[in-house]
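Student: Please give me a close look at a single part of this model, in one connected account. I would like the cut-off behind each term stated where the term is used.

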Amino acid sequence: MRFAVLSPLTALAGLAAMLMAPAPAMAQVDPTFDNAITCALIYRYLGDRGPAYDRLVAKSAQLSGRTEASIRTELDEREPRLIAGIADGRLEAVSMESLGANACPKTFDVAPATRGARASGGTGQPDPVRCAGLARWFDRKFPSNTWGSTWTGDEMVRRTAAAAGVNYGTMNSSADGFNPGLTPVPALLDEAVRCQNAYDTPVPPGAVLAAVQHGDRPGIDRGRNHYCQALANDFDRDYPDVASFERAILRHPPSGMEQTSRVMEGLLWPLKQMEKAQCPAFIAKSRLDAFTDFANRVTAATKQAQARLEREGKWW
């Protein structure tokens, strides 16, 4: 019998069937590689990345003669298929709960699955490839600019590359192809925060914008403040000497007003991004006040030029 031809979902369904069988012996399944990696996949689905999950990954590596890194990569590939199988009814979520509570822990001598459990120790470090991929994915899916790449996304790739012992280009290539499948955005945001903490790099702007749409998560504020300060720096860099624009309008209204419009359009971009990111008042308010002052002063200069035009006619 060629079990190797079975798809991961078929093997998973078979494991679920064994669990649901009435015989008491079925509370435990054979401690094979297929069952070990399937249990690891179930723990991932249930949100448990703690010590029990790490032991299942290590057991899968031991039984297959492979590295733990390759097992984690395979789990990254399998997870979307599991989620799709549950979404379309081929698999039952309740079966995953039962497997994580009974068959998996009894077979592999690990703790029952616990939602939200975090890994500890060296093996608990979030996977660097996945962290880099998440950063790139958020910036692509929720773009803050036209390039789909941001400083914090670049920095996450740089730091995870160093952690994995590969060069930037290799990690960046892996990150660009990342696809989280059907994992809900809030869960991905929580994962991005864990990456932020592990590699000391703020979540990227894309994650900040995703949190606005899908609900804020603990830890997002660090990335939000970083992004908002970057926008504030852009605004401050481009903010002009307002008096020079007042003089330009009074000296030559057409060209002065054209120059003013270009500068104001440039200043509006970071302000609009601040609004989208729900930047805190301590960063956004002073910039909005400065823009309002600029607008009021050039409006007053324009009215003066108009009044003079009505009195004297064109003087430029």
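Tutor: Cys228 counts as buried at 0% relative accessibility, where buried means under 20% relative accessible area, exposed over 50% and partly exposed in between (1.4 Å probe, protein chains only). The model is a predicted one, in which local features need pLDDT of at least 70 and side-chain atom pairs count only at pLDDT 80 or more, while totals for chains, interfaces and linings use all residues. Residues are numbered from 1 along each chain as its sequence is written, and side-chain values use heavy atoms, with hydrogens and water left out.

Because Cys228 belongs to helix H12 (residues 220–238) and Cys279 to the loop between helix H14 (253–277) and helix H15 (281–312), the pair ties together parts that are 51 residues apart in sequence; helices (H or I, at least four residues) and strands (E, at least two) are DSSP runs, numbered from the N terminus.

The structure holds three disulfides, and, when the bonded cysteines of the protein chain are numbered in sequence order, the pairing reads 1-2, 3-4, 5-6. In another of these, Cys39 and Cys104 have their sulfur atoms 2.1 Å apart, and the torsion of about -85° about their S-S bond makes the disulfide left-handed. Since Cys39 lies in helix H2 (residues 33–45) and Cys104 in helix H6, this pair ties together parts that are 65 residues apart in sequence. Cys39 and Cys104 are both buried.

There is also a disulfide between Cys131 and Cys195, whose sulfur atoms are 2.0 Å apart; the torsion about their S-S bond is about -80°, so this disulfide too is left-handed. With Cys131 in helix H7 and Cys195 in helix H10, the bond ties together parts that are 64 residues apart in sequence. Cys131 counts as buried at 2% relative accessibility, and Cys195 is likewise buried, with a relative accessible area of 2%.

Conventions:
Disulfide = S-S within 2.5 Å.
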